Amino acid sequence: MRSVPVERPGDRTTRLVRAAQRGDTLAMAELLDLLAPYVGRICAPIALDQKADAAQEALVAVFRSLPTLKDPAALHGWVRAIAVREAVRTAQRAARTVPADLSTLPARGDPQLSADIRDVLERLSPEHRAVLMLRDVEGLDERTAAALLGVRTGTVKSRLHRARDTFRKAWTS
């Protein structure tokens, strides 16, 4: 009886990336199916209402730059960096077109405030949402988050402090 080799998940990803880099459209479609939910989960808490646009921009950037990816094992980290960058960029672009209206902050004890995390997140800048997502949801350390965001570690620490403070105040008001 001959044993059949079992393909590990990392082997499949490597095979897909290499095939997509060679222009295999079926591999690209399979890779898109694999990456789209991951990119969506990253973009949603940063870009909020523009999450679909951010995810689309991120996936376009991923596939446009795929030939430059040297190590397929680094795919998810590389995609995460692109998704965060595109989500922040998309949210910033949207924020420039719609001025923030802070006069409509819910009053203390408003049940809507307690029930809706999204409402609180909307009050944060895209940069603060990105830092919160990377540190508190993704669990990355400050140095890794700083590298992904293209800022210094001290900037990540100060943004994280401000983001948490703002979130806490908005949540408890």
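Which residues touch the most other members of the largest nonpolar core? Select Leu 31, Val 39, Cys 43 and Val 84: of the 43 residues in that core, these touch the most other members. A nonpolar core here is a set of buried Ala, Val, Leu, Ile, Met, Phe, Trp, Tyr and Cys residues joined through side-chain atoms within 4.5 Å. Buried means under 20% relative accessible area, exposed over 50%, and partly exposed in between (1.4 Å probe, protein chains only).

The model is predicted: local features need pLDDT of at least 70, side-chain atom pairs count only at pLDDT 80 or more, and totals for chains, interfaces and linings use all residues. Residues are numbered from 1 along each chain as its sequence is written, and side-chain values use heavy atoms, with hydrogens and water left out.

**The whole chain**

Show the chain as a cartoon. There are 9 helices and 0 strands. Helices (H or I, at least four residues) and strands (E, at least two) are DSSP runs, numbered from the N terminus. Buried residues make up 33% of the 173 residues. Take the contacts between residues at least 6 apart in sequence: 65% of them join residues at least 24 apart. Contact means heavy atoms within 4.5 Å.

**The core**

Return to those 43 core residues, where Leu 31 is one of the residues that touch the most other members. Helices α1 (9-21), α2, α3 (51-65), α4 (75-97), α7, α8 (142-149) and α9 (153-172) each supply at least two core residues. The largest share, 9 residues, comes from α2. Now centre on Leu 31. Leaving aside neighbours within four places in sequence, Leu 31 is in contact with Leu 16, Val 17, Ala 20, Phe 63, Leu 66 and Leu 75.

**α2 against α3**

Select α2 and α3. Their axes come within 8 Å and cross at roughly 135°. Axes are lines fitted to C-alpha atoms, for helices over the stretch in contact, and angles run from 0 to 180 degrees between N-to-C directions. Angles under 35 degrees count as roughly parallel, over 145 as roughly antiparallel, 65 to 115 as roughly perpendicular and the rest as oblique. The α2 side of the contact includes Leu 31, Leu 35, Val 39 and Cys 43, and the α3 side includes Ala 54, Ala 58 and Phe 63. The contact residues divide into 15 nonpolar, 1 polar and 1 charged. Ala, Val, Leu, Ile, Met, Phe, Trp, Tyr, Cys and Pro count as nonpolar, Asp, Glu, Lys and Arg as charged, and the others, Gly among them, as polar.

**The loop between them**

Go to Leu 48, in the loop between α2 and α3. Leu 48 has a positive phi of about 50° although it is not a glycine. Most residues other than glycine have a negative phi. Is Leu 48 buried or exposed? Leu 48 counts as buried, at 7% relative accessibility.

**A buried glutamate**

Next, pick Glu 86 in helix α4. Glu 86 is buried, with a relative accessible area of 7%. Leaving aside neighbours within four places in sequence, Glu 86 is in contact with Ala 54, Glu 57, Ala 58 and Ala 61.

**α2 against α7**

Finally, select α2 (residues 25-47) and α7 (residues 126-137), whose axes come within 8 Å and cross at roughly 135°. Here α2 is oblique to α7. Ile 42, Pro 45 and Ile 46 in α2 meet Pro 126, Arg 129, Ala 130 and Met 133 in α7. This contact has 6 nonpolar, no polar and 1 charged residues. Buried residues in α7 include His 128, Arg 129 and Leu 132. End at Gly 139, which follows α7 and has a positive phi, near 75°.
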